[in-house]
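This report covers cavities, salt bridges, a strand pair and model confidence, in that order.

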Amino acid sequence: MALLERSEWYDLARATEWTPTYITMDELFPPEHSGGVGLPDDVWAAYDEPYKVSFREYVDVQRQKDEGAYSVKAALERSDLYNKADPGWISILKEHYAAVALVEYGAALQESRFARWNKAPGMRNMATFGMLDEMRHGQIQLYFPHEYINKDRQFEWSHQTMWSNNWVALGARHYFDDIMMTRDSVETSIYANFAFETGFTNLQFIGLSGDAANAGDFTFSKLIQSIQSDEARHAQLGTPLLQMLIENGQKDKAQNHIDVSFWRSYRLFTILSGIPMDYYVPLDVRESSFKEFMEEWIVTQFIKSIEDLGLEKPWYWDIFMADLDEHHHGQHLGTYSWRPTLWWDPAAGVSPEERDWLEEKYPGWNDTFGKVWDVIIDNMVNGRMDKTVPGTLPMVCNLSQLPIVGTPGKTLKDISIVHGDRKYHFASEVDKWIFQQNPERYRHHKNLIDRFLGGDIQPANLDGVLEYMGLGVIGPGGDDVHNYAWLDAYRKIELAG
């Protein structure tokens, strides 16, 4: 019997649909789960995902991807990357695997919710593949770091971080719960597939893939290339939903979703991508700055994609552009200063040569952030190490759950409001605006400082806080990854007078 051409059966197979007779459509697709309130029923059938694949094609391509990634890993296992690579690069691996691997399993649950609840049959079909994608991403990113555990206990965090109360995990979990786990299928797809995956996973996976190859870590480079090719496919799930909202009189709602999700994603990636790109990647293989990656992948490409839909730049665009020059520098100062609270060993990234690079990429860096580093370096060079680690906890934003930072002497300030019976603090006017959009959604969450002041952390001292965050329990906390060897250049400068 002759086989049908793919084009003859594909649309029928991907759009399998039926009309329920024993229950109503709202019972089959409860609006609180499916979303898209106000969209006519016939609109859902018009959902047309831009990327199409059959199950046979999907399995064949995924098998080839796995073969490529695992074969490169097997071929390079004897290269002893762990001992040969710059320690700053090893810290990037620790940060990435612990922050990303278990989130991929959460993303599988997110995609499964689309497969069950979304009213567009084409999206349910593609979300099934997306769910399988995310399961593969979780498995492979837990398997690859496992070989390092017997060399370095900090790799234990790959399996544990997202279950812990580490302050970075609290911020990441708050963000992913907000965009992936607690919204209806339409909102979730716009927040996670369109804003997060279309814009920012490109930054993490494509940017780091190039840096990995330059650093000689071809195993990691191949791994994240394999993942990014999946992300690029299911990232497209959200675009048709935005089109449906806009074409059916809900343009303001679509714009609001973009404005909220863009800022929330950006702020998290200042730590996940911004700090490693500008401070941890070895200087001799560093290709572009975080700001340059953002300008290429976000300012140019992401904005073109929303403007093609008829949407506008977020209202806070000027604030965002100014923030590219400062926020991640402030977060690096904070994470390095509170290095015992990290699951990785941070690189300072401020040797004289590295400061020249920072000044070139961020004119004025030496006169702002550099002044703070001058004090830290002076204390370190003169043996006053105790003055380089804060004795108190940082002020934390009640929206992002990350420390409140800014350019020293210029933009560092607390932005607060009183809501109900308590005061809330924010790192920016945009964080405050997002909170005010839906205070009931955010006001009950306790950040690390709330938990400390509320008596949830015992004993109420630094040791108690570190244990609460899993430091010394799951794995050791952080210290300077180069064992402060970079200070030798400053000691020579001081001796030379």
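## The second largest cavity

Fifteen residues, given as 15 in the count, line the second largest cavity, and those nearest its centre are Trp167, Pro394, Val396, Pro403 and Leu448. A cavity here is a set of points, on a 1 Å grid over the protein atoms alone, where a 1.4 Å probe fits but cannot get out, and lining residues have an atom within 4 Å of a point. The volume of the second largest cavity is about 140 Å³; a volume is the space filled by probe spheres set on the points, which are joined across faces, edges and corners.

Helices α10, α17 (327-337) and α22 (448-453) each supply at least two residues of this lining. Helices (H or I, at least four residues) and strands (E, at least two) are DSSP runs numbered from the N terminus. The lining has nine nonpolar, six polar and no charged residues. Ala, Val, Leu, Ile, Met, Phe, Trp, Tyr, Cys and Pro count as nonpolar, Asp, Glu, Lys and Arg as charged, and the others, Gly among them, as polar.

## Model and confidence

The model is predicted: local features need pLDDT of at least 70, side-chain atom pairs count only at pLDDT 80 or more, and totals for chains, interfaces and linings use all residues. Residues are numbered from 1 along each chain as its sequence is written, and side-chain values use heavy atoms, with hydrogens and water left out.

The protein chain averages a pLDDT (the predictor's confidence in each residue, from 0 to 100) of 90, and 99% of the residues score at least 70. Confidence is lowest in helix α1 (residues 6-14), with a mean of 81, and highest in helix α18 (residues 352-361), at 97.

## The largest cavity

The whole structure contains three cavities of 30 Å³ or more. The largest has a volume of about 240 Å³. It is lined by 24 residues, of which Ala99, Val100, Phe176, Phe196 and Leu272 are the closest to its centre.

Helices α7 (87-117), α10 (167-181), α11 (185-214) and α14 (251-280) each give at least two residues to the lining of the largest cavity. The largest share, six residues, comes from α7. By class, this lining divides into 17 nonpolar, two polar and five charged residues.

## Salt bridges

There are 33 salt bridges in the structure, each a side-chain nitrogen of Lys or Arg within 4 Å of a carboxyl oxygen of Asp or Glu. Lysine 361 pairs with glutamate 292, with the closest N and O atoms 3.0 Å apart. Lysine 361 lies in helix α18 and glutamate 292 in helix α15 (residues 290-308), so the pair ties together parts that are 69 residues apart in sequence.

Aspartate 374 forms a salt bridge with arginine 355, the closest N and O atoms again being 3.0 Å apart. Aspartate 374 is in helix α19 (residues 369-381) and arginine 355 in helix α18, so this pair links parts 19 residues apart in sequence. Arginine 355 is buried at 9% relative accessibility, while aspartate 374 is partly exposed at 35%; buried means under 20% relative accessible area, exposed over 50%, and partly exposed in between (1.4 Å probe, protein chains only).

## The strand pair

Strands β1 (residues 415-419) and β2 (residues 422-426) run antiparallel and are joined by five bridges; strands pair if DSSP finds at least two bridges between them. Isoleucine 417 has tyrosine 424 as its bridge partner in β2, and serine 416 stands opposite histidine 425. The two strands form a hairpin with two residues between them, and glycine 420 in the turn has a positive phi of about 65 degrees.

Methods
1 Å grid on protein atoms, 1.4 Å probe; cavity = no way out; pocket = protein on both sides within 12 Å on 5 of 7 lines; lining within 4 Å.
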